[in-house]
Amino acid sequence: MYSTTTDKVTVSVEPTYRLQESSPDDGVYVWTYTVRIENNGTDVLQLKSRHWKITDAYGRVQEVHGAGVVGEQPVLKPGATYEYTSGTPLSTPSGIMVGTYAMQMADGTLRDVAIPAFSLHTPEVAQRLN
């Protein structure tokens, strides 16, 4: 599990290679990742948007921007936790993801919360951050 904390918001990620959904002969490798967001602060936060950088083994970068996560913009009260699972394909057997969430405070201001860099690798590839 990969984890980081920004201003009392902890984001943890657990990636899983999905062999049954992948097709290595066709250059398709699929991962799911489960994200857990914990609000350990005293402010109510709402996850408004996400920004991902997904890098494959050749250094090709795909950036993903969007509102919320998995169709939701969850509100996290102090002490609350939100968890979701999503996925991504790559054309290589390893890569890395990193990103940020834009969280809106009760007063309307936005702040970025870091998503830790995490490694995507098939079982045949040594586990490491690329």
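User: Is Glu21 buried, exposed or in between, and what is its relative accessible area?
Analyst: In this predicted model, glutamate 21 is partly exposed, with a relative accessible area of 43%.

User: What does its side chain meet?
Analyst: The side chain of glutamate 21 meets that of arginine 18 in a salt bridge, at 3.2 Å from N to O. Arginine 18 is partly exposed as well, at 23% relative accessible area.

User: How many salt bridges are there in the whole structure?
Analyst: A search finds five. One of them joins aspartate 7 and arginine 111, at 3.8 Å from N to O. That pair links distant parts of the chain, 104 residues apart: aspartate 7 lies in the loop between strand 1 and strand 2, and arginine 111 in strand 9.

User: And which residue does Arg60 pair with?
Analyst: Arginine 60 forms a salt bridge with aspartate 56, and their closest N and O atoms are 2.6 Å apart. Aspartate 56 counts as buried at 7% relative accessibility, whereas arginine 60 counts as partly exposed at 45%.

User: Which residues form a network?
Analyst: Salt bridges link Arg36, Glu38 and Glu83 in a network.

User: Changing topic: why is strand 8 largely enclosed?
Analyst: Nine of its 12 residues are buried, so strand 8 (residues 94–105) is largely enclosed by the rest of the structure.

User: Which strands pair with it?
Analyst: Strand 4 pairs with strand 8 in the antiparallel sense over 11 bridges, with leucine 47 partnered by methionine 103. Strand 9 also runs antiparallel to strand 8, joined by 10 bridges; there, threonine 100 stands opposite alanine 114.

User: What is in the turn between strands 8 and 9?
Analyst: Four residues separate the two strands of this hairpin, and glycine 108 in the turn has a positive phi of about 95°.

Note on methods: Residues numbered from 1 in each chain as written. Predicted model: local features only at pLDDT ≥ 70, side-chain atom pairs only at ≥ 80, totals over all residues. Heavy atoms only, no water. Buried < 20%, exposed > 50% of the residue type's maximum accessible area, 1.4 Å probe, protein only. Pairing = 2+ DSSP bridges. Salt bridge = Lys/Arg side-chain N within 4 Å of Asp/Glu carboxyl O.
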